[in-house]
Protein chains: 2
Amino acid sequence: MVGLGPGDAGLLCPKALKAIEDAQVIVGYRPYVDMVQEPLKAGKTVITTGMRGELDRVGRALEQAALGLSTVVVSSGDPGVYGMAGLVLEVVEKKGLWDQVQVEVLPGIPALTAAAALLGAPLAHDFAVVSLSDLLTPWELIETRLACAAQADFVIVLYNPRSPKRHWQLGRACEIASEHRGPKTPVGLVCQAFRPGQKIGVFPLAGFDPGAADMLSIVFIGNSQTRMAKGRMFTPRGYMEKYE
Amino acid sequence: MVGLGPGDAGLLCPKALKAIEDAQVIVGYRPYVDMVQEPLKAGKTVITTGMRGELDRVGRALEQAALGLSTVVVSSGDPGVYGMAGLVLEVVEKKGLWDQVQVEVLPGIPALTAAAALLGAPLAHDFAVVSLSDLLTPWELIETRLACAAQADFVIVLYNPRSPKRHWQLGRACEIASEHRGPKTPVGLVCQAFRPGQKIGVFPLAGFDPGAADMLSIVFIGNSQTRMAKGRMFTPRGYMEKYE
């Protein structure tokens, strides 16, 4: 399980690169496999699947690994954050494959810190990460998590904020945040972090348009201390109050 | 602001490496500067400070940058996650330095995903990240965050779980989690991820000894679905229930 980071070659770790170089088989969701540079794929078995092909992908990767082939499953970002690493381990446990395959997870720069870096430093204090995808999680649980995170003054990071079918959830998430935060709370939006077409914006919560987000965006809702200035968003941790 | 990742050269991104190579000045907390390989420091001004020297460090870095010198502030992990990036932006805003310095944040592999990778995939679903350091944050707020995160069934990641002076907080955090999670909930402990002296363990919540953690550990408390098997910890996202 290898994390490619955001996609920029400058943010791919040497350890991940080496694992791909050394692999005999590369497995992944098509857009992620496309992120791997062509020369790295030469001479290797490449298995790609489409959206929602997660179980298929894992099954095929485990098949290859069980044959004794060195197999990498590539994910963008970090494979452990809403990535495939969890499902691989789940399947290995369910099918009792512990003795047949050896699973190693190599971290990558996750989308949340790549996006945060572009905004400034929204995550400099406690934060909660919530996916707005209700495909596998009941919406009621997502709402509970949003409400609890807002109530406890966590900075909130939203994954999968919007898709053509998922058009009202981000607006509802902002509404829930508004019940606990002021209208000037900074909201940061990053689309395509470190990729062609990158877009960044910081807005007051009351003026944020959920329609500006898409499937590949990450949205940050500040805590009560988060500030915005000169297009940057940052969350003080309290050093200045304490020491000055 | 450059993130060094966990410390292993294989987990330092090329972009971060290049920023350090190109810099004229390197500033950082001493142990982080020590993580930078010696040849990279040759011929550069190196400014190190001790623990709690955060404001001093930022002040000195901004001084150098305002002189027109290319200056990197190095942090382990990601500089935006409980790192110095927030404080730098805060000081730049407070002192009105936006026109004198240009601040760029380069992400690094954060401790939370490095540690998670070693355990398996504890962060494959929604999670909340809480620092147990009450130096800058009132303990009451930390408890509120822990309680809300536990109640909403977030996987919980604990930074700064224990220090010689902070010896009861991790036990209290586990107690709060126990009010909402069963005694068999997996707890993962990672000390010195990807560094010499690395230690990893997974325990049931009821059998976890907070004394095993130290200042450089990361602790993961699973959600109600998190599993442990063969020394691994992973959180199902629901693919198997949905598609099989």
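How many helices and how many strands are there in chain A? Chain A has 9 helices and 12 strands. Before going on, please keep in mind that this is a predicted model.

I will start with the overall form of chain A. The C-alpha trace spans about 55 × 35 × 35 Å along its principal axes. For a chain of 244 residues, a compact globule would have a radius of gyration near 18 Å, and chain A comes out at 19 Å, so the value agrees with that expectation.

Next, the domains. The domain assignment divides chain A into domain 1, residues 2–94, and domain 2, residues 111–234. Taken over C-alpha atoms, the centres of these two domains in chain A are 28 Å apart. Where they touch, 7 residues of domain 1 are in contact with 7 residues of domain 2. On the domain 1 side of that contact, 3 residues are nonpolar, 3 are polar and 1 is charged.

Now one pair of helices in chain A. Two packed helices are described by the angle between their axes and the distance between the axes. The pair here is helix H7, residues 139–151, and helix H8, residues 169–178, both of chain A. Their angle is about 35°, and their axes lie 9 Å apart. The crossing of H7(A) and H8(A) is right-handed. Which residues meet there? From H7(A) they are Glu143(A), Leu146(A), Ala147(A) and Ala150(A), and from H8(A) they are Ala173(A), Ile176(A) and Ala177(A). By class, this contact has 6 nonpolar residues, no polar ones and 1 charged.

That leaves the two chains together.

As for the interface, 61 residues of chain B are in contact with 60 residues of chain A. On the chain B side, helix H5, residues 85–94, gives the most, with 6 residues. That side of chain B has 37 nonpolar, 12 polar and 12 charged residues.

One last point: why can we say that the copies meet through the same surface? Of the interface residues of chain B, 98% are also interface residues in chain A, so the copies do meet through the same surface.

How values were computed: Residues are numbered from 1 along each chain as its sequence is written. Chains are lettered from A and ligands numbered from 1 in the order in which they are written. This is a predicted model: local features need pLDDT of at least 70, side-chain atom pairs count only at pLDDT 80 or more; totals for chains, interfaces and linings use all residues. Domain bounds come from an automatic or database domain assignment. Two residues are in contact if their C-beta atoms, placed from the backbone, lie within 7 Å. Ala, Val, Leu, Ile, Met, Phe, Trp, Tyr, Cys and Pro count as nonpolar, Asp, Glu, Lys and Arg as charged, and the others, Gly among them, as polar. Axes are lines fitted to C-alpha atoms, for helices over the stretch in contact, and angles run from 0 to 180 degrees between N-to-C directions. Helices (H or I, at least four residues) and strands (E, at least two) are DSSP runs, numbered from the N terminus. A crossing is left-handed if the near helix is turned anticlockwise from the far one by less than a right angle, and right-handed if clockwise. The radius of gyration is taken over C-alpha atoms; the globule rule is 2.2 Å times the number of residues to the power 0.38.
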